[in-house]
Amino acid sequence: MRQHESGQGTRARPVLRLVPSLPPPALTGEQVLVEGEGLRLTSERLEAAGRSWRLEELRGFGTRRESPGLWLPLGVGGSAALLVPGLLLQPGSFRVTAALVVATLLVFAAIARVVAAADTYRLLVRTAEGERQVWCGQDHQLLARVVRELGEKLACSEPPRPAPVPRLVLVR
């Protein structure tokens, strides 16, 4: 116990420490098939976006790929690149030098945007409540593994469809 200047004792305060949360252990008999980036697929459930769905609840799934729009950076960078030779032919002045620097920066910014561009992948599931997006990321390999495993699990869990009943048709 510490003593204050006033002579009264104080209680020690507990210290809170933040530790990363561990994913919940798989239930007995459950195998983790795919795990990564906030997504876990086990032999019995899909866990993503803070929610969990039993595989029996899923009526289907789909994926979506979105490519970033690159027309604007390419247009701005191309326009700026066309200005650079014209600015170099102008007599030296502060305005021309400033325009040359801005045009050069725009060209390099456009190149950096095109180089850093990456597709975004989304996983959608259909349940009795409707279709919803459950995962979004740029790891296409993770999505491919989830799609393969989820496809296998849902194909195995579907009840066999009854064979169509042959019908007689009267022909005249």
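User: How many salt bridges does the structure hold?
Analyst: The structure holds nine of them. A salt bridge here is a side-chain nitrogen of Lys or Arg within 4 Å of a carboxyl oxygen of Asp or Glu. Note that this is a predicted model, where local features need pLDDT of at least 70, side-chain atom pairs count only at pLDDT 80 or more, and totals for chains, interfaces and linings use all residues. Residues are numbered from 1 along each chain as its sequence is written, and side-chain values use heavy atoms, with hydrogens and water left out.

User: Why do such side chains pair?
Analyst: Side chains of opposite charge can pair when their charged atoms come close.

User: OK, which residue does Arg122 form a salt bridge with?
Analyst: Its partner is Glu66, with the closest N and O atoms 3.0 Å apart. This pair links distant parts of the chain, since Arg122 is in strand S8 (residues 120-127) and Glu66 is in strand S7 (residues 60-66), 56 residues apart. Strands (E, at least two residues) and helices (H or I, at least four) are DSSP runs, numbered from the N terminus.

User: Is Arg122 buried or exposed?
Analyst: Arg122 is buried, at 17% relative accessible area. Glu66 has 32% and counts as partly exposed. Buried means under 20%, exposed over 50%, and partly exposed in between (1.4 Å probe, protein chains only).

User: And what about Glu56 and Arg54, what do their side chains meet in?
Analyst: They meet in a salt bridge, 3.4 Å from N to O. Glu56 is exposed at 58%, while Arg54 is partly exposed at 43%.

User: Which residue does the side chain of Arg126 meet in a salt bridge?
Analyst: That is Glu131, at 3.3 Å from N to O. Arg126 is partly exposed at 36%, and Glu131 is partly exposed at 48%. Elsewhere, salt bridges that share partners join Glu35, Arg40 and Glu47 into one network.

User: Changing topic. Which residues form a nonpolar patch on the surface?
Analyst: Leu72, Val76, Val102 and Leu106, with about 350 Å² of accessible area together. Helix H1 (71-89) and helix H2 (94-116) are the elements that give two or more residues to this patch. Patches are made of residues with over 30% relative accessible area and no salt bridge; like charges are joined within 9 Å, and nonpolar side chains (Val, Leu, Ile, Met, Phe, Trp, Tyr) within 5 Å. The areas come from the Shrake-Rupley method with a 1.4 Å probe, and for residues only the protein chains shown count as cover.

User: How many residues does H2 have, and what should they span?
Analyst: H2 has 23 residues, which should span 33 Å at 1.5 Å a residue, and its end C-alpha atoms are 33 Å apart, which agrees. The expected span is 1.5 Å times one less than the number of residues.

User: What about Glu149, where does it lie?
Analyst: Glu149 lies in helix H3 (residues 140-157). Glu149 counts as buried, at 17% relative accessibility. Leaving aside neighbours within four places in sequence, Glu149 is in contact with Leu33, Val34 and Leu41. The C-alpha atoms of Glu149 and Leu33 are separated by 7.2 Å, though the two are 116 residues apart along the chain.

Notes: Contact means heavy atoms within 4.5 Å.
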